[in-house]
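Hi there,

Here is the structure I promised to pass on to you. Have a look at it first, and then read on for what turned up.

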Amino acid sequence: SVTIFSGVEDAQVEGVLDIVNEICPARTELVPVQTLPFIGDTAFSAEPIQVRAGGAIIFVLNIDRFQRI
């Protein structure tokens, strides 16, 4: 995982979102069930299951104040 903070002008937000979408596409992967952290009793299956991997979570916020110390 990586956390990136990027401060841009309002007019640049869509461009940044396009870049992140291009670089961080979501995908599905097959994962052995034994490697997943399940809580409680679950049925055991020898077959791998499909999980979502990659992608990004993006927060777009208006900043009222920025101060460099």
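**The salt bridge**

Glu29 and Arg27 are joined by a salt bridge, with 3.1 Å between their closest N and O atoms. Please keep in mind as you read that this is a predicted model.

**The chain as a whole**

One helix and two strands make up the elements of the chain, and from the N terminus on they run α-β-β. Of the 69 residues in the chain, 6% are buried. The accessible surface comes to about 6900 Å², and carbon and sulfur atoms hold 55% of that. As for contacts with a separation of 6 or more, 50% of them are between residues 24 or more positions apart.

**The largest pocket**

The largest pocket has a volume of about 1100 Å³. It is lined by 25 residues, and those closest to its centre are Ile4, Phe5, Ser6, Ile58 and Phe59. Which classes of residue are found in this lining? There are 19 nonpolar residues, five polar ones and one charged residue.

Best wishes

Methods. Residues numbered from 1 in each chain as written. Predicted model: local features only at pLDDT ≥ 70, side-chain atom pairs only at ≥ 80, totals over all residues. Heavy atoms only, no water. 1 Å grid on protein atoms, 1.4 Å probe; cavity = no way out; pocket = protein on both sides within 12 Å on 5 of 7 lines; lining within 4 Å. Points joined across faces, edges and corners; volume = space filled by probe spheres on them. Nonpolar A, V, L, I, M, F, W, Y, C, P; charged D, E, K, R; others polar. Helix = DSSP H or I, 4+ residues; strand = E, 2+ residues; numbered from the N terminus. Buried < 20%, exposed > 50% of the residue type's maximum accessible area, 1.4 Å probe, protein only. Contact = heavy atoms within 4.5 Å. Areas by Shrake-Rupley, 256 points an atom, 1.4 Å probe, with all protein chains shown as cover. Salt bridge = Lys/Arg side-chain N within 4 Å of Asp/Glu carboxyl O.
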